[in-house]
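Dear colleague,

Please find below the structure that I am handing over to you. My notes on it follow directly after.

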Amino acid sequence: MSSPKIASLSWGQMKVQDCSTTYKDCKVWPGGSRSWDWRETGTEHSPGVQPADVEEVAKKGVQTLVIGHGMSEALKVPASTVDYLKKQGINVLVLQTEQAVKEYNALAAQGVRVGGVFHSTC
């Protein structure tokens with residue numbers, strides 16, 4: 001099962017290949033995607049992306065997880081979240097969202113079991 005390509009990204013909108021839903025923020029993994037609802041874990045720009053935000057994708061058997069922390073990089077990613085993923089044996093890339101999507105798509109095209117957690121605004 002391959003990771004779906006991010007088909008488009010613009011401020012506040014993301015489309016995933018073969019998915020009719022338009023996301024604001026999303027999680028993607030080999031074989032699927034869904035909306036990333038910050039209310040599920042109480043996520044805020046600071047302290048930012050918590051282990052609970054990435055746990056679902058980490059459990060999908062990804063080799064690499066790409067975190068897009070905003071168009072203006074306003075969403076923080078604390079060391080505890082990166083450490084959590086590394087302890088699971090997962091490579092972690094934290095990038096500005098446009099760069100994160102490019103990197104994610106490149107890895108997916110290479111057949112890497114890549115997952116992503118993307119914030120499409122600020």
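The model is a predicted one. In it, three strands form an open sheet in the order β1-β2-β3, with antiparallel pairing. The edges of this sheet are β1 (6-10) and β3 (22-23), each of which pairs on one side only. Between β1 and β2 (residues 13-16) there are 4 bridges, and the two strands run antiparallel. Within this pair, S10 has Q13 of β2 as its bridge partner. Helix α3 (residues 97-109) lies across β1 and β2 and runs at about 175 degrees to β1.

**The five-stranded sheet**

A further open sheet contains 5 strands in the order β5-β4-β8-β6-β7, and its pairing is mixed. Its edge strands are β5 and β7 (91-95), each pairing on one side only. On average, neighbouring strands of this sheet are turned by 10 degrees against each other, direction ignored.

K27, in turn, has R34 as its bridge partner in β5. The strands β4 and β5 form a hairpin with 2 residues between them, and G31 in the turn has a positive phi of about 90 degrees.

How much of β4 is buried? The count is 5 of its 5 residues, so the strand is largely enclosed by the rest of the structure. In a regular strand the side chains alternate between the two faces of the sheet. Both faces of β4 are covered: D25, K27 and W29 are buried on one side, and C26 and V28 are buried on the other.

**Helices on the sheet**

Helix α1 lies across β4, β5, β6 and β8, and runs at about 35 degrees to β4. The buried residues of this helix (residues 51-58) are D53, V54, V57 and A58. These residues lie on the same side of α1, because they cover an arc of only 125 degrees around the axis. An α-helix has 3.6 residues a turn, so residues three or four places apart point the same way. The elements against which the buried residues of α1 pack are β4 (25-29), β6 (64-69), α2 (79-87) and β8 (114-119). Helix α2, for its part, lies across β6 and β7, running at about 150 degrees to β7.

**Nonpolar cores**

The largest nonpolar core has 17 residues, of which V54, L65, I67 and L85 touch the most other members. Two or more residues are given to this core by each of α1, β6 and α2. Leaving aside residues up to four places away in sequence, L85 touches V54, A58, L65, I67, I90 and V92. There is also a second, separate core of 15 residues, which includes Y23, V101, V112 and F118.

R34 is located in strand β5 (residues 32-35). Is this residue buried, partly exposed or exposed? Its relative accessible area is 23%, which makes R34 partly exposed, since buried means under 20% and exposed over 50%. Not counting residues up to four places away in sequence, R34 touches Y23, D25, C26, K27, W29, E40 and E56.

Two of these contacts involve polar pairs between side chains. R34 and E40 are joined by a polar contact of 2.9 Å, and R34 and E56 by one of 2.8 Å. E40 is situated in the loop between β5 and α1. With a relative accessibility of 48%, E40 counts as partly exposed.

R34 and V16 are 18 residues apart along the chain, and their C-alpha atoms are separated by 9.3 Å. For E40 and Q17, 23 residues apart along the chain, the C-alpha separation is 25 Å.

With kind regards

Methods
Residues are numbered from 1 along each chain as its sequence is written. This is a predicted model: local features need pLDDT of at least 70, side-chain atom pairs count only at pLDDT 80 or more; totals for chains, interfaces and linings use all residues. Side-chain values use heavy atoms; hydrogens and water are left out. Buried means under 20% relative accessible area, exposed over 50%, partly exposed in between (1.4 Å probe, protein chains only). The arc is that of the directions from the helix axis to the C-beta atoms. Contact means heavy atoms within 4.5 Å. A polar contact is a pair of N or O atoms within 3.5 Å; within protein, one must be able to donate a hydrogen and the other to accept it, and residues adjacent in sequence count only if both atoms are side-chain atoms. A nonpolar core is a set of buried Ala, Val, Leu, Ile, Met, Phe, Trp, Tyr and Cys residues joined through side-chain atoms within 4.5 Å. Two strands pair if DSSP finds at least two bridges between them. Axes are lines fitted to C-alpha atoms, for helices over the stretch in contact, and angles run from 0 to 180 degrees between N-to-C directions.
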